[in-house]
Structure formats: C-alpha cells, structure tokens
Amino acid sequence: MQMAVVEFARHVMNLPHANSTEFDPNAKTPCVIFMPEGSKTHMGGTMRLGSRRTFFKVADCKSAKLYGNADYVDERHRHRYEVNPDMVPEFENAGLKFVGKDESDRRMEIIEIPNHQYFIGAQFHPEFKSRPAKPSPLFVGLIAASSGQLDKVLQGCSNGHVIPGKHQFSNGPYTPAAHQNTNGHAKKLANGVANGTYYPNGNGVHA
Ligand SMILES: NC(=O)CC[C@H](N)C(=O)O
C-alpha cells in the first residue's frame, strides 16, 4: 500500500517528489512517514507488529464486501512507516479512498480507487493469514477481477456467501480438491481447519 500511495501521488496527482521517508528521509513530498511512536535508535520493539484491527469506513467498498460486509477485520502487521495522515484529504480529493483505518482514524489500513476494476492496497499483510483452504478475501478478489468474475463474487458476498474454499469459478469443470471429500463436501484438514467457513476475526493467532 505504501508504494501504491507514492505511485498515485507521482503519476495521478503530479507530485514528482512524492516518496517514503524510509527511502529518502528528506523527501520533499513525504507521503509515507515514520510512525510517531517509533524510535529509530531502538528498532527492536518499535515495530507495529502482529494482529491489529481495521475498521471499514466505506460500507460499499470492494474490500468490505469481500470480507463479508464485516464492520472490522483483524489482520497481521509488520511495519514502522505509515501513510502520512496529513496528506489523506489531498489523496481523497484526487480519487484515492482510504476505506479502512485503525481505531484512531489517523492510521490508514486499506486504499481503493472505487472506479478502478481492482486497485486495492493494504497496510497489513493479508498473506500472513491466507491458507490454501481459506485464502485471504483480498486475493480471492484479485483472482476474481482478473478473470472477469468480481461482480459475481461480490454479489455472492452480499447474499451472505462465504469466500473461501467453495468458490467455483466458471472456467472449467469443478474437481474436488485434496481437502474435500469426493462428494464435494468439506472435510476437516489435519490442522483442524474446516474448509468453507470464513471467520472474519481470523485464526486466533495474535502476537
Ligand atoms: N509492511 C510493510 O508495508 C513493509 C515494511 C514497511 N516499509 C515499513 O513500514 O516498515
């Protein structure tokens, strides 16, 4: 998400000096900055690390729908820099929407360009909790958008469908995967994860 913000600033907002202070501490247009509570001399304990809550601020956005119209989601983090909150109004006026924020409303968690087919970035790491039988909703959305099926998937989400495991895309016959019984029903995996059920609050792993 940090790089997407810099890219948007440079090429949509025409701010050629936009950068993260992680790369250029003297950036003229600092879109991504060191988090105020961090310490550059004591790097070890200053990282924003582990499970944190993101609140959806725009009910109608793609990511909220993909997460099953949840009000919030807990995802895992690992960062010291963040989107410069003072530049958020400028970004929003230019069309980049911050649809997910932390509890303070000052820390940006999810961006979207609403009229783009699928331009979504997250400060958290969706891959940390993504599993073969329970892929992250943001990755399911990317695959669906790439194959022209996002609308169908989003509609399914609004109808109360859960994302993982059961999604059948229409490009070919459906073959039960290794984690399913031959009748297509979910079978419990060795690690105890049941296929086909989405828990918005994740797998219970907290740092
Ligand atoms: N998690 C990330 O976005 C990567 C690390 C990031 N550049 C930071 O703020 O430290």
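Modeller: Helices (H or I, at least four residues) and strands (E, at least two) are DSSP runs, numbered from the N terminus. Asp 105, for example, lies in the loop between S6 and S7. The model is predicted: local features need pLDDT of at least 70, side-chain atom pairs count only at pLDDT 80 or more, and totals for chains, interfaces and linings use all residues. Residues are numbered from 1 along each chain as its sequence is written, and side-chain values use heavy atoms, with hydrogens and water left out.

Biologist: What makes the phi of Asp 105 worth a note?

Modeller: Asp 105 has a positive phi of about 70° and is not a glycine. Most residues other than glycine have a negative phi. Asn 69 is another non-glycine residue with a positive phi, about 55°. Asn 69 sits in the loop between helix H2 (62-66) and S4.

Biologist: Why does Asn 69 count as partly exposed?

Modeller: Buried means under 20% relative accessible area and exposed means over 50%, with partly exposed in between (1.4 Å probe, protein chains only). Asn 69 has 38% relative accessibility, so it counts as partly exposed. Asp 105, at 37%, is also partly exposed.

Biologist: How do you know that Asp 74 forms a salt bridge with Arg 53?

Modeller: A salt bridge needs a side-chain nitrogen of Lys or Arg within 4 Å of a carboxyl oxygen of Asp or Glu. The closest N and O atoms of Asp 74 and Arg 53 are 2.8 Å apart, and the pair forms a salt bridge. Asp 74 belongs to strand S4 (residues 72-79) and Arg 53 to strand S3 (residues 48-56), so the pair ties together parts that are 21 residues apart in sequence. The structure holds six salt bridges.

Biologist: Why is Asp 74 called buried?

Modeller: Its relative accessible area is 5%, so Asp 74 is buried. Arg 53 has 31% relative accessibility and counts as partly exposed.

Biologist: What do the side chains of Glu 82 and Arg 107 meet in?

Modeller: They meet in a salt bridge, with 2.8 Å from N to O. Glu 82 is in strand S5 (residues 81-83) and Arg 107 in the loop between strand S6 (97-101) and strand S7 (108-112), so the pair ties together parts 25 residues apart in sequence. Glu 82 is buried at 4%, and Arg 107 counts as buried at 10%.

Biologist: Which side chain does that of Arg 106 meet in a salt bridge?

Modeller: It meets that of Asp 86, at 3.4 Å from N to O. This pair links distant parts of the chain, 20 residues apart: Arg 106 is in the loop between S6 and S7, and Asp 86 in the loop between S5 and helix H3 (88-93). Arg 106 is partly exposed at 46%, while Asp 86, at 56%, counts as exposed.

Biologist: How do you know that S1 and strand S2 pair?

Modeller: Two strands pair if DSSP finds at least two bridges between them. S1 and strand S2 (residues 29-34) have three bridges and pair in the parallel sense. In one of these strands, S2, Val 32 is the bridge partner of Ser 20.

Biologist: What order do the strands of the open sheet with mixed pairing have?

Modeller: The three strands have the order S1-S2-S5. Strand S1 (18-20) and S5 stand at the edges with a single partner strand each, so one side of each lacks a neighbour in the sheet.

Biologist: What order do the strands of the five-strand open sheet have?

Modeller: The order is S4-S3-S6-S7-S8, and the pairing is antiparallel. S4 and strand S8 (120-122) are at the edges, each with a single partner strand, so one side of each is left without a neighbour. S7 and S8 run antiparallel and are joined by three bridges. The bridge partner of Ile 111 in S8 is Gly 121.

Biologist: Which residues are around the ligand?

Modeller: The test is a residue heavy atom within 4 Å of the molecule. The residues around the ligand are Gln 2, Glu 22, Arg 78, His 79, Arg 80, Tyr 81, Gln 123 and His 125.

Biologist: What lies 3.1 Å from a nitrogen atom of the ligand?

Modeller: A polar side-chain atom of Gln 2 does. Backbone N or O atoms also lie by ligand oxygen atoms: one of Arg 80 at 3.0 Å, and one of Tyr 81 at 2.7 Å.

Definitions and conventions: Polar contact = N/O pair within 3.5 Å; in protein donor to acceptor, adjacent residues only side chain to side chain.
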